[in-house]
Amino acid sequence: MVNFDQLPMRDPFIPKDPVPELIKSMNFQVSMLAVTVLLAAAVFGYAIKTWRSTGRSELFWITLGAMCPVFYEPVVDMMVDIVYHQSGALTVLSGFGVTIPLWTLFMYAVFWGPGILWLTNQLDDGLTLKRWMGLFLMSIPFTLAFEVPLLKMGLYTYYGSQQPFKIFDYPWWMCFSNSAAIFVVALLVHVAKKTAVVREHPAYLVLLVPSFIIGVGVTTVIPIGYGMSSTTSLLIINLTAAVSAILSIAYTWLGFKMVMPAARTNAAEVEKTVLPA
């Protein structure tokens, strides 16, 4: 049996900082679990209501699929030094030296689900590139505002001396990475919904959505992961964080250009119809 906790995670000449021990009482954990379950239930409730009123079940399967990438959380946490409260925790899984609390499973539905659902509907109705990128920029402070309270409550932390620049204890590049995942996944779901396979079997989105989230997440995290695991220079680490942020923006922009060529074509046709005065 392979013991993943013993796999080398960084250059042996760059020792990893000690992992802080975050402790939360059982009452706090149960309360947090209850809150996240209720929030996830609200998201699922909206998806089920839409299913019953329109006969389209895609929103339900998207939300369910959004919970599955929690099994990828330990990989990201290992790469960029994140730790959750662990001692005596109600857990959903443990791996790569990281323990993930149970409430995180339901928080995934709350964090990923609504954004993907809303953006998919916006794409179905039609969007311009300018509007799309404007929404992306607006989402950056939202992701910051979503996670900062959780950090301040001590539910998890980005630890160590090799962390890049932070805003309220939240690494700035992560705002771009998380937002890009929501936006690019919405693009991919928009495309998938048009295929005969997903139209006939929308439950396949349960498999597609987590693979989309993980795929975008890995590619945007790898640059900063390499930086944090190969050097102690905060200058280089922040440069690799900038690469992660730039990739996030590029994927969001290029993804729209590839998936929504009609928006570009329609805009050109409109310009041709405008006659000079």
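The structure holds one cavity of 30 Å³ or more, where a cavity is a set of points on a 1 Å grid over the protein atoms alone at which a 1.4 Å probe fits but cannot get out. This is a predicted model, so local features need pLDDT of at least 70 and side-chain atom pairs count only at pLDDT 80 or more, while totals for chains, interfaces and linings use all residues. Residues are numbered from 1 along each chain as its sequence is written, and side-chain values use heavy atoms, with hydrogens and water left out.

**The cavity**

- The largest cavity has about 390 Å³ of space, a volume being the space filled by probe spheres set on the grid points, which are joined across faces, edges and corners.
- Its lining runs to 24 residues, and E73, Y108, W112, E147 and N178 sit nearest the centre; lining residues have an atom within 4 Å of a point.
- Two or more lining residues each come from α3 (73-80), β1 (82-84), α4, α5, β4 (156-158), α6 and α8.
- Sorted by class, the cavity lining has 17 nonpolar, four polar and three charged residues. Here Ala, Val, Leu, Ile, Met, Phe, Trp, Tyr, Cys and Pro count as nonpolar, Asp, Glu, Lys and Arg as charged, and the others, Gly among them, as polar.

**The pocket**

- About 240 Å³ of space lies in the largest pocket; a pocket is an open set of points with protein on both sides within 12 Å along at least five of seven lines.
- Of the 14 residues lining the largest pocket, G115, W118, S139, F142 and F183 lie nearest its centre.
- α4 (103-125), α5 (129-152) and α6 (172-192) each put at least two residues into the pocket lining, and α4 has the largest share, six residues.

**Helix α8**

- The 26 residues of α8 (residues 205-230) should span 38 Å at 1.5 Å a residue, and the end C-alpha atoms are 37 Å apart, which agrees. The expected span is 1.5 Å times one less than the number of residues.
- At I222, α8 bends by about 40 degrees, with a proline, P223, following within four residues. That bend is the angle between axes fitted to the seven residues ending there and the seven starting there.

**The whole chain**

- The chain has 10 helices and six strands, taken as DSSP runs numbered from the N terminus (helices: H or I, at least four residues; strands: E, at least two).
- Of its 277 residues, 47% count as buried, meaning under 20% relative accessible area with a 1.4 Å probe, protein chains only.

Notes. Buried < 20%, exposed > 50% of the residue type's maximum accessible area, 1.4 Å probe, protein only.
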